Amino acid sequence: MANPSPDCALPGSCAPARGEERVPLVALLGRLEAAFVAEFDARLATSPFCALSLAHSRNVLRHLGAGPRRASQIVAMTDVSKQAISQQIAHLERNGYLRTEPDPDDHRARILVLTAKGERAQAHVKATFVEIEQDWGALLPAEDDLTQLRSRLTDLVAALQGAGPGRPAPPHTEPC
């Protein structure tokens with residue numbers, strides 16, 4: 001991954017918008033996610049698993065790591081529509097990453113099972129996540145900065161989900 005421009009003046013970069021003193025945190029997080037998706041997809045495109053994308057990995061493959069599941073279970077675990085998951089499952093099945101089998105508990109239902117290729121892809125995806133994080137960590141001044149960042153973001157997510165102490169109650173607002 002190329003080093004970012006020192007002045008961050010390119011469109012979509014880390015430069016504040018006109019009239020802003022600093023870039024909003026949510027904008028920075030969004031830009032990091034977009035950069036991660038682009039980097040991940042670029043690395044997969046040059047791998048033996050070029051038919052995969054981050055969406056396939058995030059929405060379907062990772063949920064099959066613990067074993068076979070019904071498509072309805074995967075839909076319930078994601079923020080993705082049933083139609084989108086169905087399309088992704090069809091793509092993964094066409095490309096040999098998973099297969100469907102009768103559910104042993106209910107022969108009317110079908111379960112999704114990773115193939116050997118799907119298991120190799122899943123291992124490759126996990127390794128790619130680690131490699132990108134390591135590459136990004138090398139861009140930071142101190143070796144432990146990425147660990148500290150992960151810890152702080154984890155704490156923030158927990159606090160925002162109500163798990164953290166001292167979280168203020170949401171303000172009372174009138175219904176829209």
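Helices in this report are DSSP runs of H or I with at least four residues, numbered from the N terminus. The model is predicted, so to speak of local features a pLDDT of at least 70 is needed and side-chain atom pairs count only at pLDDT 80 or more, while totals for chains, interfaces and linings use all residues. Residues are numbered from 1 along each chain as its sequence is written, and side-chain values use heavy atoms, with hydrogens and water left out.

A pair of aromatic rings is described by the distance of the centres and the angle of the planes. Rings of Phe, Tyr and Trp (its six-membered ring) pair if their centres lie within 6.5 Å, and planes under 30 degrees apart count as stacked, over 60 as edge-to-face and the rest as tilted.

| Pair | Centre to centre | Angle between planes | Class |
|---|---|---|---|
| Phe 36 and Phe 40 | 6.1 Å | 20 degrees | stacked |
| Phe 36 and Phe 129 | 5.0 Å | 50 degrees | tilted |

Phe 36 and Phe 40 both belong to helix α1 (residues 25–45), where they are four residues apart, about one turn of the helix.

Phe 36 is buried (under 20% relative accessible area, with a 1.4 Å probe and protein chains only), because its relative accessible area is 13%. Phe 129, at 31%, is partly exposed, a class between buried and exposed, the latter being over 50%. Ring pairs join Phe 36, Phe 40, Phe 129 and Trp 136 into a cluster.

Note on methods. Helix = DSSP H or I, 4+ residues; strand = E, 2+ residues; numbered from the N terminus.
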